[in-house]
Amino acid sequence: MGWDLELRILNDAIRIAGAEAMRLASEGFEIHTKSDRSPVTSADLAVNEILRSRLLAAFPLDGWLSEESPDGPARLEKARVWIIDPIDGTKAFIRREPEFCISVALVDKGRPVAAAIFNPSTDELFAATRGGGLHLNHKPVSQQEHPIDRQPVIALSPWGQDGGPSKSVEAHATSRPMRSIAWALALAASGRIHAVATFEPENEWDVAAGALLIEEAGGTMQDGSGRILAFNRPDPRYCGIIATSPLCPAPVMQQLRALSRMSK
């Protein structure tokens with residue numbers, strides 16, 4: 001079964017949502033604090049509603065899991081579920097830093113089958129369907145665009161940037177801060193960076209789209225315990241994420257596995 005129709009509708013919806021996010025970034029938005037003390041803006045909610053209305057209008061039998069929608073058991077009865085992070089990197093959005101993105105995946109029987117990550121600040125839309133390869137703005141992505149002899153770069157979560165973990169990778173790679181895990185996964189899939197590592201809990205909506213992009217690019221992705229990712233679970237959280245691009249050198253992979261063991 002192909003997923004071209006779903007991806008086409010997703011691409012249209014995510015660009016409309018991105019345009020609204022940029023409008024609000026320019027004209028102003030409200031900021032609130034959620035119960036977990038993380039920020040949410042009126043832009044997050046507006047993007048969520050655009051995606052929900054358009055995707056579920058096209059596919060009304062599908063389930064829904066979003067950071068900015070109430071969760072419930074109904075999605076667990078669905079074979080197909082849309083998993084959404086309306087704005088991943090809300091703090092970057094608030095600061096007008098071009099490292100936030102919209103992340104959307106369609107999951108079928110626990111596996112992502114169509115996905116898109118859109119950075120409206122840079123007008124870059126990474127998208128993939130299962131078996132269809134990775135595309136950027138509708139053109140296939142070639143890993144050969146990036147020299148293989150350059151210093152490897154790893155995007156690390158704040159925990160990894162603080163102290164020992166970042167020091168332990170310096171012999172093998174340069175670390176860079178991670179403001180949006182979804183955007184970091186898109187960069188790794190495209191070969192712009194070599195790996196992504198976070199050892200804090202992550203949610204399915206943070207990584208569902210990136211997981212398919214990484215896979216279609218020929219990379220690898222697992223949770224912090226080394227397990228293959230499954231989606232649309234009752235508890236949609238992971239104990240960290242490690243993802244590598246096809247260009248990631250073996251010593252870097254080995255170091256990331258060692259860091260994963262340290263974090264447990």
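Tutor: Contact means heavy atoms within 4.5 Å. Helices (H or I, at least four residues) and strands (E, at least two) are DSSP runs, numbered from the N terminus. This is a predicted model, in which local features need pLDDT of at least 70, side-chain atom pairs count only at pLDDT 80 or more, and totals for chains, interfaces and linings use all residues. Residues are numbered from 1 along each chain as its sequence is written, and side-chain values use heavy atoms, without hydrogens and water.

Student: Which residues of α1 meet α2?

Tutor: I9, L10, A13, I14, I16, A17, E20, A21 and L24 in α1 meet S42, A43, A46, V47, I50, L51, R54, L55 and A58 in α2.

Student: Why is α1 called roughly antiparallel to α2?

Tutor: The axes of α1 (residues 4-27) and α2 (residues 42-58) come within 9 Å and cross at roughly 160 degrees. Axes are lines fitted to C-alpha atoms, for helices over the stretch in contact, and angles run from 0 to 180 degrees between N-to-C directions. Angles under 35 degrees count as roughly parallel, over 145 as roughly antiparallel, 65 to 115 as roughly perpendicular and the rest as oblique. Therefore α1 is roughly antiparallel to α2.

Student: What makes α6 roughly parallel to α7?

Tutor: The axes of α6 (residues 181-190) and α7 (residues 204-217) cross at roughly 5 degrees and come within 9 Å. The crossing angle therefore makes α6 roughly parallel to α7.

Student: Which residues are in that contact?

Tutor: I181, A182, L185, A186, A188 and A189 in α6 meet D206, V207, G210, L213, I214 and A217 in α7.
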